[in-house]
Amino acid sequence: MPTKQNRLYAALRLVPMAAAASMLFLSTAQTAGANPHILVDVSTGRVLDQQEAFRRWYPASLTKLMTTYVTFRAIQSGQIKLDTPVIMSKLSAAQPPAKMYFKPGQKMTLDNALKMMLVKSANDLAMAVAETVGGSQQGFVARMNAEAARLGMRDSHFINPNGLPGKGQYTTARDLAILSVALRREFPQYAGYFSLEGFTNGVKQVPNINMLIGRFDGADGMKTGFICAAGFNQIASATRNGRTLISVVLGTDSLAARADDSANLLEKGFQNQLSTRDTLATLRPDAPLAADVADVTAEICSAKGAQARSETRDPFGRTKVQSPYIHEMDHEPNFVYAGLIGGQDIATAAKGDKDDATARGDKATRDNKIAISSGASNVPVPMPRPTF
């Protein structure tokens, strides 16, 4: 790959750390003490493990799974097709990073839009897909909330299709598990969208920021998300011997931590070390819950949080993971094609956001990019804009 395209891929390369048997699940234990998580079996709906699964949380880019679900339902009903053109509007093009930086009027197929949205977590494409399916952002958001209610996501509400922060957007680990299970059960023919290793538009190559894809045995999805108020979140899925498990991990303090916690939970589930009596349908909170949405900005987007993230990078910017179940990818990523409909100029895939983990356009957030990706310890406090 050309030098510039190597930067994101290099940032996602892993440095597995040796761990004693007694330390295998340290990261998960730390998360379980304060942050929500849940582990479920897709075929049975059984909850294998959970902690604070009903605590309201900002969904960040995990929202794009609901955007995808609504889109799949529209395809199923015959409203649209995978080759339906998605046209960038001014509203879509104006969305903050992470994004593809396409210009108003440029077109791509729905199939390619979904690939780019899910791999790169492109906020502009999430909005463009929403406008294509729903006619407007408002129309699509109404569908999102209607589908959430139909699925039984009792503690979720959406205000946009990409997860950018705003009042009135919230969910829970339990609700996200319901959504993820529905995606896998109802649309198995589209499961490949969640396991893509990367895409290329013929010029740029963009790897999937989900660090379990190609690095955890059986990993096949699904989505990551980050904003300051939510921390680093991940919905991960893996399939072994015909059995698919899904984990939801919310509020970790780094890219490495969300990958570690996801891998450790999934592995414990496959080893049958976790089990409860509940299913997603029967699970109930242990105590009355607060109506407010948790906000971890002070822990995540602070000098302390930046220092914690710097400690998860080696001097070359590679992520240091602790889980013994995450290994280095043993091959170059398989980049599928996803770009504009032929005859148009190819837009840059990353125009300035060389590491999607902190894709921003202003100086403060560019400085924070250094904090997360290069391991610097003396860094400014980041701004709570991006979602990925």
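**Figure 1. Helix α7 (residues 137–151) in a predicted model: its length fits its residue count.** At 1.5 Å a residue, the 15 residues of α7 should span 21 Å. The end C-alpha atoms are 21 Å apart, so the two values agree.

**Figure 2. The buried side of α7.** Q137, F140, V141, M144, N145, E147, A148 and L151 are buried. They cover an arc of only 160° around the axis, which puts them on the same side of α7. An α-helix has 3.6 residues a turn, so residues three or four places apart point the same way. The face turned away from the buried side carries exposed Q138 and A149.

**Figure 3. Packing partners and the end of α7.** Just after α7 comes G152, with a positive phi of about 90°.

**Figure 4. The largest nonpolar core.** This core has 102 residues. Those with the most contacts inside it are I38, M66, F72, M108, L125, L212 and F216. Helix α8 (residues 173–186) gives the most to this core, with 8 residues.

**Figure 5. Surroundings of L125.** Leaving aside residues up to four places away in sequence, L125 touches M88, M100, F102, M108, A113, M116 and M117. L125 and M108 are both among the core residues with the most contacts.

**Figure 6. The whole protein chain, for context.** The chain has 12 helices and 10 strands. Of its 388 residues, 60% are buried. Among contacts with a separation of 6 or more, 72% join residues 24 or more positions apart. The chain exposes about 14,700 Å², and carbon and sulfur atoms supply 53% of that area.

Note on methods
Residues numbered from 1 in each chain as written. Predicted model: local features only at pLDDT ≥ 70, side-chain atom pairs only at ≥ 80, totals over all residues. Heavy atoms only, no water. Helix = DSSP H or I, 4+ residues; strand = E, 2+ residues; numbered from the N terminus. Buried < 20%, exposed > 50% of the residue type's maximum accessible area, 1.4 Å probe, protein only. Contact = heavy atoms within 4.5 Å. Areas by Shrake-Rupley, 256 points an atom, 1.4 Å probe, with all protein chains shown as cover. Core = buried A, V, L, I, M, F, W, Y, C linked by side-chain atoms within 4.5 Å. Expected span 1.5 Å × (residues − 1). Arc of directions from axis to C-beta.
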